[in-house]
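This report goes through a single protein chain, from individual contacts to the chain as a whole. Please keep the sequence and the structure at hand while reading.

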Amino acid sequence: MGPERRIEVVRSFRSLALIIGLGLIWAGCGEAPPTPTATPSPILSATPSPQENPPGAPGAQQGVESMTISAKGQSPWSLKAERIQYDDNTRQARARKVTWTLLDEKDRALLEVWGEAAVVNTETQGLSFEGPVHAKGSKGEEITCKKLLWDSQARKLRGSQGVEVRRQGTVMTGERLTASPDLKQVEVEGNVRIYFNSVEEQKG
């Protein structure tokens with residue numbers, strides 16, 4: 001092989017190596033970084049109805065018609081709402097026309113709450129109901145108030161802005177209340193009044 005032929009072959013190999021190198025660089029630049037897979041929350045789960053809002057709504061909020069939110073853990077519960085608006089920035093879900101059921105460890109209903117609206121904290125499982133709010137225990141106890149808070153950390157119900165408690169023929173009113181989840185322990189504060197119904201009224 002002559003000198004000119006050898007130079008031409010060397011140039012061909014250099015050109016091929018340069019092309020391969022550029023190809024690898026372009027391939028590396030074109031690869032997108034791996035996208036982390038979203039891990040579903042072990043606490044809350046949501047089940048929407050077939051009717052959903054059309055996609056493309058502005059902002060981080062997402063609205064769903066007729067939805068159920070369930071929470072697991074030490075104090076499981078289920079919330080059904082006519083409409084739920086979720087804000088990813090605040091990690092809160094705003095619901096309207098709600099029915100909330102607090103369950104025991106065997107998934108039996110301890111308490112049911114009905115309200116005009118509620119705000120759900122998806123990180124703590126806490127809820128704030130706006131009224132009028134009506135709650136009913138498993139043994140017929142009833143609570144009515146304008147605002148009701150479920151403190152998931154303390155496992156307490158906290159009512160405010162005027163409360164009324166009905167149980168076993170007795171009506172107790174006040175400004176605030178603190179109650180256990182099963183309503184066996186209820187404490188009313190602020191201008192407390194107690195009314196005892198007669199036997200005839202209880203039968204009626």
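## Salt bridges

Glu82 counts as partly exposed, since its relative accessibility is 42%; the class lies between buried (under 20% relative accessible area) and exposed (over 50%), with a 1.4 Å probe and protein chains only. The model is a predicted one: local features need pLDDT of at least 70, side-chain atom pairs count only at pLDDT 80 or more, and totals for chains, interfaces and linings use all residues. Residues are numbered from 1 along each chain as its sequence is written, and side-chain values use heavy atoms, with hydrogens and water left out.

The side chain of Glu82 meets that of Arg96 in a salt bridge, at 3.8 Å from N to O. The term stands for a side-chain nitrogen of Lys or Arg within 4 Å of a carboxyl oxygen of Asp or Glu. Arg96 is also partly exposed, at a relative accessible area of 40%. Because Glu82 belongs to strand β3 (residues 77-87) and Arg96 to strand β4, the pair ties together parts 14 residues apart in sequence. Strands here are DSSP runs of E with at least two residues, helices are runs of H or I with at least four, and both are numbered from the N terminus.

Seven salt bridges are found in a search of the whole structure. Among them is the one between Asp88 and Arg91, whose closest N and O atoms are 2.8 Å apart. Asp88 is partly exposed at 35% relative accessibility, and Arg91 is partly exposed with a relative accessible area of 37%. Another joins the side chains of Glu164 and Arg166 at 2.9 Å, N to O. Glu164 is partly exposed at 24%, and Arg166 is partly exposed at 39%.

## Aromatic pairs

The whole structure holds three aromatic pairs. Rings of Phe, Tyr and Trp (its six-membered ring) pair if their centres lie within 6.5 Å; planes under 30 degrees apart count as stacked, over 60 as edge-to-face and the rest as tilted. Trp100 and Phe129 make a tilted pair, with 5.4 Å from centre to centre and 55° between the planes. Trp100 is in strand β4 (residues 92-103) and Phe129 in strand β6 (residues 127-137), so this pair ties together parts that are 29 residues apart in sequence.

Trp100 is buried, at 0% relative accessibility. Phe129 is likewise buried, with a relative accessible area of 0%.

## Nonpolar core

In soluble globular proteins, nonpolar side chains tend to be buried together. A nonpolar core is taken as a set of buried Ala, Val, Leu, Ile, Met, Phe, Trp, Tyr and Cys residues joined through side-chain atoms within 4.5 Å. The largest one here has 33 residues, of which Trp77, Leu79, Trp100, Leu111 and Phe129 touch the most other members. At least two residues of this core come from each of β2 (61-71), β3, β4, β5 (109-121), β6, β7 (142-151), β8 (156-167) and β10 (176-179).

Contact means heavy atoms within 4.5 Å. Apart from neighbours within four places in sequence, the contacts of Leu79 include Met67, Ile69, Ile84, Val98, Trp100, Val120 and Leu127.

## Loops and surface

Gln185 sits in the loop between β10 and β11 and is exposed, at 53% relative accessibility. Its C-alpha is 10.0 Å from that of Lys156, a residue 29 places away in sequence. Beyond neighbours within four places, Gln185 contacts Lys156, Thr178, Ala179 and Ser180.

Val192 lies in the loop between β11 (186-189) and β12 (193-196). This residue is partly exposed at 38% relative accessibility. With Ile194 and Phe196, Val192 makes a nonpolar surface patch of about 320 Å². Patches are made of residues with over 30% relative accessible area and no salt bridge; like charges are joined within 9 Å, and nonpolar side chains (Val, Leu, Ile, Met, Phe, Trp, Tyr) within 5 Å.

## The chain as a whole

The chain has two helices and 12 strands, in the order α-β-β-β-β-β-β-β-β-β-β-β-β-α from the N terminus. Of its 204 residues, 29% count as buried. Among contacts between residues at least 6 apart in sequence, 31% join residues at least 24 apart.

The accessible surface of the chain is about 13,700 Å², and 53% of this belongs to carbon and sulfur atoms. Accessible areas come from the Shrake-Rupley method with a 1.4 Å probe; for residues, only the protein chains shown count as cover.
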